[in-house]
Amino acid sequence: MRANQASVERTVHCSGIGLHSGVDVAMSLHPASPGDGIRVRRTDVAPGTGEIPCDLAHVVNNRLSTVLGNRHGVTVATVEHLMAALAGMGIDNAVVTLDGPEIPAMDGSAAPFVELIERAGIEEQDAPRRAIRLRKPVTVERGEACISMTPADAFSIDFRIEFDSPVIDCQEMSIALANGAFVDDIAPARTFGFVDEVDRLREAGFALGASVDNAIAIDRQRVVNSDGLRFDDEFVRHKILDCVGDLYLAGAPILARIVAVKSGHAANHDLLHAMFADEDNWAWCDIPPGTNGESVPRPVPAVG
């Protein structure tokens with residue numbers, strides 16, 4: 001990881017349909033100053049009400065996607081793929097403007113957002129970058145899901161999924177996200193869903209924009225998409241992608257080894273809450289690891 005903070009060099013734009021809302025959304029990624037963090041700004045709501053910091057304190061829903069909101073009741077859904085791309089590309093500070101309620105799905109992966117960042121360019125800023133150094137192991141369980149973190153000198157993930165589907169079955173992957181591994185091995189993995197669940201989800205207000213253009217569709221014993229899979233184990237790779245995006249809501253890279261079994265958005269967020277719940281669990285450190293940059297832990301900001 002680079003030692004200084006980074007933002008994008010110039011403003012870039014994209015557009016697409018929201019995976020769950022079905023709404024066409026135009027999105028722009030803008031430079032931001034050191035220390036600003038990642039923020040979403042809705043341009044389609046009343047002036048002064050649309051800004052939402054992308055951090056754990058602003059998670060308001062985690063059913064099927066990560067939804068952030070502010071004290072004005074303004075929300076933005078499905079932030080995890082964009083957050084994963086920002087994490088994987090080492091972007092600390094950026095403003096995301098959009099004219100709708102959800103980050104566009106693009107192709108259902110983080111690869112289009114990686115390409116957007118590459119098109120914008122990356123500007124290293126004159127401010128030191130910090131990471132969260134884990135001091136003690138933390139584990140949470142939620143139903144069949146279990147996810148833990150243990151102290152380490154770098155970020156890595158071991159992830160296992162199990163689905164009652166011959167297309168997915170059991171998949172497991174271990175990866176250290178360094179030297180371009182996120183861009184090459186994780187970012188292209190797409191979200192997925194089952195054809196026989198679509199009607200139920202749409203009745204509940206989800207998957208209104210889902211199609212084979214932005215998700216892997218599974219129908220009994222086959223993948224419906226004409227282009228097939230990008231990886232034999234694309235499903236577990238996408239779960240890692242989601243986890244990377246969710247954990248970046250901590251506000252900085254985490255130096256830890258993550259071990260997850262059947263984890264999803266809710267358990268990923270639970271892990272961060274459990275880590276922040278005890279100040280003895282973690283501390284700030286400078287990057288690169290090894291410098292003595294620890295300081296008093298910063299509290300998770302209040303919703304505002």
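**First stop: two crossing helices**

Select H1 and H5: these helices are roughly perpendicular to each other, a term that applies because their angle falls in the class from 65 to 115 degrees, whereas angles under 35 degrees count as roughly parallel, over 145 as roughly antiparallel and the rest as oblique. Helix H1 comprises residues 80–88 and helix H5 residues 234–247; they pack at an angle of about 80 degrees, with their axes 7 Å apart. The axes are lines fitted to C-alpha atoms, for helices over the stretch in contact, and angles run from 0 to 180 degrees between N-to-C directions.

Now display the side chains of the contact (heavy atoms within 4.5 Å). On H1 the contact involves Glu80, His81, Met83, Ala84 and Ala87. On H5 it involves His238, Leu241, Asp242, Val244, Gly245 and Asp246. These residues divide into 5 nonpolar, 3 polar and 3 charged. Here Ala, Val, Leu, Ile, Met, Phe, Trp, Tyr, Cys and Pro count as nonpolar, Asp, Glu, Lys and Arg as charged, and the others, Gly among them, as polar.

**How to read this model**

This is a predicted model, in which local features need pLDDT of at least 70 and side-chain atom pairs count only at pLDDT 80 or more, while totals for chains, interfaces and linings use all residues. Residues are numbered from 1 along each chain as its sequence is written, and side-chain values use heavy atoms, with hydrogens and water left out.

**Second stop: the whole protein**

Zoom out to see the entire chain. The protein has 6 helices and 20 strands; helices (H or I, at least four residues) and strands (E, at least two) are DSSP runs, numbered from the N terminus. The radius of gyration is 18 Å, close to the 19 Å that the globule rule gives for 304 residues, so the protein is as compact as a globular protein of that length. That radius is taken over C-alpha atoms, and the globule rule is 2.2 Å times the number of residues to the power 0.38. Along its principal axes the C-alpha trace spans about 55 × 45 × 35 Å.

Buried residues make up 52% of the 304 residues. Buried means under 20% relative accessible area, exposed over 50%, and partly exposed in between (1.4 Å probe, protein chains only).

Select helix H2, residues 111–120. How many of its 10 residues are buried? The number is 7, and H2 is therefore described as mostly covered under the cut-off of 20% relative accessible area. The buried residues are Ala111, Pro112, Phe113, Val114, Leu116, Ile117 and Ala120. After H2 comes Gly121, whose phi is positive, near 85 degrees.

Select strand E14 (156–162) and strand E15 (170–176). In E14, 5 of the 7 residues are buried. Two strands pair if DSSP finds at least two bridges between them. E14 and E15 pair in the antiparallel sense over 7 bridges, and Arg160 stands opposite Glu172 in E15.

Next, look at the loop between E14 and E15, where Asp169 lies. Phi of Asp169 is near 55 degrees, a positive value in a residue other than glycine, and Asp169 is partly exposed, with a relative accessible area of 44%.

E6 is joined by 2 bridges to strand E7 (residues 67–69), and Asn61 stands opposite Val67 in E7.

Finally, select E16, E17 and E18, an open sheet in that order with mixed pairing. Strand E16 (192–194) and strand E18 (222–223) each have a single partner strand, so one side of each is left without a neighbour in the sheet. E16 runs parallel to strand E17 (residues 216–219), joined by 3 bridges, and the bridge partner of Phe192 in E17 is Ile216.
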